[in-house]
Amino acid sequence: MRIHYLGAARTTTGSMYLVEVNQQRILLECGLYQGRRSVAMERNRNFTFDPAKLDCAVVSHAHIDHVGNFPNLCKKGFTGNIYSTFATRDLAAIMLVDSAEIQRADAEYVSKKRAKQGLPAVEPLYSGIDAEKAIRQFVSFNYDRTMPIGDGVSVTFRDAGHILGSAQVVLDVREDGRKFRFLFSGDVGRPGQDILRDPDVVDKVDFLQIESTYGNREHHDAANSLEDLERLVGGALKRGGKVIIPAFSVGRTQQLVYEFHKLVDAGRLPVVPMFVDSPLSVNATEVFRLHPECFDEETYRFLHEHGSPFGLSNLTYIRDVAQSKALNTLPGPAVIISASGMAEAGRIRHHLVNHGGDANNLILFVGFCAESTLGAQILAGVNPVNIHGEPKTLRAQIAQVDSFSGHAGRSELLAYFRQITGDLKKITVIHGEETAALSFGEALRLERPNAEVIVPTPGQIVEF
Ligand SMILES: [Zn+2]
């Protein structure tokens with residue numbers, strides 16, 4: 001078996017690995033590459049292989065950097081099955097349609113700029129119809145059910161505890177009289193997180209492909225973050241302010257709502273109007289409700305004793321634009337959760353404009369903000385900031401709680417690695433910025449001196 005490391009090699013974006021085994025070609029992940037527009041356009045539009053010659057594809061979870069380029073792959077001639085868990089398919093169904101809308105808006109923007117230079121318009125990477133067609137190619141099955149997906153290859157999904165439906169991908173292979181197990185970690189979640197289960201332990205692994213997003217970094221303590229959340233949000237509400245939280249639509253928003261539900265039930269936060277203002281978040285929450293089989297025991301119990309963890313009597317989910325605009329003039333204390341998490345796009349930017357000028361309010365970041373995004377600028381104290389091309393002076397309190405990350409920190413990732421059993425012969429380290437991947441690779445060499453550790457460069461081919 002050999003793997004071509006086509007994406008997320010020495011970077012975290014555009015996950016894509018082409019597996020060749022028993023004269024078959026299996027694509028593992030088909031993510032969108034996210035980065036500078038000119039580079040991203042080129043990378044996402046063109047595949048370095050013929051999609052029509054693939055036998056099938058497997059995807060670990062529904063984040064757009066893992067699943068986001070399937071509509072384009074199918075448009076370019078891929079007709080095989082896309083294997084995933086049920087929840088991954090359902091989340092992909094809403095995320096790919098949302099992504100198509102972003103592609104359309106993006107192409108429109110670029111075309112306008114090109115028109116000024118007398119250049120022809122560009123087509124969107126894919127349309128909503130392409131996204132819906134790709135969803136028809138999904139074949140889904142539950143965790144821990146082993147399915148043959150080709151000659152001498154079967155796949156088993158094991159929980160990765162990263163987002164709803166996320167999986168580690170186990171490939172059991174028979175090739176040229178050899179029999180071996182290959183484990184792709186997918187994105188590994190943090191143990192002890194709310195809603196989701198901890199990552200499963202996989203046994204008897206011969207070859208491992210492991211992520212390294214936080215390969216050189218740790219997270220703060222989760223328990224402290226809940227107290228921070230209570231203190232910060234409680235403080236702002238007490239002074240009659242509004243709490244504005246930029247959050248990613250899938251995962252973080254549902255986790256926050258669940259935390260608030262627990263804090264309000266326990267009388268640790270007052271009952272005030274709460275809003276989740278993002279159409280994608282509303283859709284994603286529906287998918288969460290449909291998949292209690294993905295919940296951990298605590299959430300499952302909560303579901304039976306208190307009702308849906310994502311529904312509160314004082315909570316309103318907003319799809320409608322008019323309803324969203326009505327929040328601009330809402331009197332009194334309230335909590336508004338809206339996308340996107342880095343405040344780069346989405347309705348959150350309107351809420352920052354409308355509520356950022358009031359010193360009673362709190363702007364609370366709950367996740368990582370990549371360099372040079374609006375979120376990172378606000379956190380760095382840039383003031384005024386540019387929103388929608390206008391300078392905006394912020395007077396609201398600005399704070400961050402960091403424990404809601406979906407990725408295991410370095411020591412959690414090492415703990416996950418140590419639990420894997422088997423005679424590991426080769427390990428590839430992927431899905432991390434170069435320094436993180438190299439640093440984590442070094443740590444793995446010390447852990448398993450008998451295993452060969454490779455940190456593939458883009459396009460590198462590794463034999464297993
Ligand atoms: Zn992910």
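Modeller: Happy to! Two strands pair if DSSP finds at least two bridges between them; strands (E, at least two residues) and helices (H or I, at least four) are DSSP runs numbered from the N terminus. This is a predicted model, in which local features need pLDDT of at least 70, side-chain atom pairs count only at pLDDT 80 or more, and totals for chains, interfaces and linings use all residues. Residues are numbered from 1 along each chain as its sequence is written.

Let's look closely at β13, residues 274-277. Met274 and Val276 point one way from β13, Phe275 and Asp277 point the other way, and all are buried (20 or more other C-beta atoms, placed from the backbone, within 10 Å of the residue's own; exposed means 12 or fewer, partly exposed in between). In general, side chains in a regular strand alternate between the two faces of the sheet.

β13 pairs with β14 (residues 315-318) in the parallel sense, over 4 bridges. There, phenylalanine 275 faces threonine 316 of β14. β13 also runs parallel to β15 (residues 334-338), and 4 bridges join the two strands. Isoleucine 336 of β15 is the bridge partner of phenylalanine 275.

Now the rest of the chain. An automatic or database assignment divides the protein chain into domain 1 (2-217 + 406-463) and domain 2 (222-400). Their C-alpha centres lie 29 Å apart. Domain 1 gives 16 residues to the contact and domain 2 gives 18, contact meaning C-beta atoms, placed from the backbone, within 7 Å.

There is also an open sheet of 7 strands with mixed pairing, in the order β7-β8-β9-β10-β11-β20-β21. Its edge strands, β7 (147-150) and β21 (452-454), each pair on one side only. β7 runs antiparallel to β8 (residues 153-159), joined by 3 bridges, and glycine 150 has valine 153 of β8 as its bridge partner.

Last, a helix: in α5 (residues 128-136), Asp130, Ala131 and Ala134 are buried. They lie on the same side of α5 because they cover an arc of only 100 degrees around the axis, taken from the directions from the helix axis to the C-beta atoms. On the other side of α5, Ile129 and Arg136 are exposed. The buried residues of α5 pack against α3 (70-75) and α4 (86-116).

Terms used:
Two residues are in contact if their C-beta atoms, placed from the backbone, lie within 7 Å.
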